[in-house]
Amino acid sequence: MSTLNLHHLRLFRAVARDGTLTGAARALNISQSAVSTQIKALEAALGHDLFERRGRNLHLSEAGRIALDHADEIFRAAENLTATLKRAEAKRRVLRIGALATLSRNFQIAFLDPLIGRDDVEVVLRSGTQELLLRALEAQSLDIVLTNLIPARDGSSPYLVHTLADQQVSLVGSPDRLPAGKVDVASILASEPLVLPTPETSIRAGFDALLERVGIVPRIAAEADDMAMLRLLARADAGIAVIPPIVVQDELTVGRLKEYARLDDVREVFAAVTISRKFPNPLVHEVLHAKRIPPGWSEIGKAKG
């Protein structure tokens with residue numbers, strides 16, 4: 001099969017369409033003997049006769065009909081490949097986004113908002129661990145990875161990190177847990193049971209640094225790596241939650257939870273991670289530069305190459 005190539009298939013299709021070697025040779029502007037030689041080489045490679053001679057004309061054998069179907073499919077695929085690479089910017093309308101499984105759903109929706117409802121765009125959204133998503137990004141099965149864990153970079157790193165926004169983090173709990181009046185952050189951290197993100201999250205890293213600076217050993221009531229679970233634990237009055245208020249905005253609005261204090265030194269940063277590509281998806285540039293900062297976030301909008 002090593003001798004099978006597109007040139008053989010092109011000559012074969014020409015003969016199949018014309019029904020004669022002479023007509024095919026004339027259409028291809030080559031000699032009849034050259035066409036005959038190449039057809040014989042193709043038949044030898046496939047191990048079957050592709051034509052049956054009936055009078056002056058050549059008719060496809062059963063093997064020939066099968067070969068023609070496959071040849072047509074091969075050339076359609078080749079034409080589609082050429083068109084895709086030549087007009088990549090005009091043709092690609094699918095955006096594949098990976099999001100860290102623990103990432104705020106509110107932020108994901110805000111990021112997707114410029115694309116939602118567009119008839120010319122299909123969004124494929126996958127969630128997973130940072131490691132799996134970055135691996136998929138490098139394999140080019142994802143266009144963007146959304147994360148709040150900034151990947152480490154060195155001279156050989158392929159990642160382009162676009163810091164999009166950040167949001168404040170607060171101490172939130174049931175409205176009756178603490179007495180009314182002025183709230184002292186240090187006393188809350190020292191005395192109240194706390195509901196915290198798990199140590200591998202970006203919020204927890206900033207919060208632990210804060211505790212180290214003020215010299216407080218916390219009382220940890222619960223830890224969770226999912227914002228939805230932190231929200232439920234706060235609603236269940238498991239303790240004072242260290243959480244972005246945007247996550248519990250509905251509960252704060254109706255008074256089910258209360259924001260006791262803001263942790264000004266602790267913020268959650270959101271980033272989109274991409275890699276450099278020869279044929280970039282134009283939707284990547286479009287979505288990265290869209291304006292869509294929701295309440296509670298501040299825009300950063302810079303890329304760290």
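Glutamate 286 sits in helix H12, residues 282-288 (helices, H or I of at least four residues, and strands, E of at least two, are DSSP runs numbered from the N terminus). The model is a predicted one, in which local features need pLDDT of at least 70 and side-chain atom pairs count only at pLDDT 80 or more, while totals for chains, interfaces and linings use all residues. Residues are numbered from 1 along each chain as its sequence is written, and side-chain values use heavy atoms, with hydrogens and water left out.

With a relative accessible area of 34%, glutamate 286 is partly exposed (buried means under 20%, exposed over 50%, and partly exposed in between, with a 1.4 Å probe and protein chains only). Leaving aside neighbours within four places in sequence, glutamate 286 is in contact with Arg93 and Arg118, contact meaning heavy atoms within 4.5 Å. Proline 114 is 172 residues from glutamate 286 in sequence, yet their C-alpha atoms are 8.7 Å apart in space.

Turning to the helix pair, the contact between H1 and H3 has a left-handed crossing (the near helix is turned anticlockwise from the far one by less than a right angle; clockwise would be right-handed). Helix H1 contributes His7, His8, Leu9, Leu11, Phe12 and Val15, and H3 contributes Val35, Gln38, Ile39, Ala41 and Leu42.

The largest nonpolar core has 33 residues, and Leu171, Leu189, Phe207, Val242, Ile243 and Leu263 have the most contacts inside it; such a core is a set of buried Ala, Val, Leu, Ile, Met, Phe, Trp, Tyr and Cys residues joined through side-chain atoms within 4.5 Å. Apart from this core lies another, of 20 residues, including Phe111, Leu146, Phe270 and Val284.
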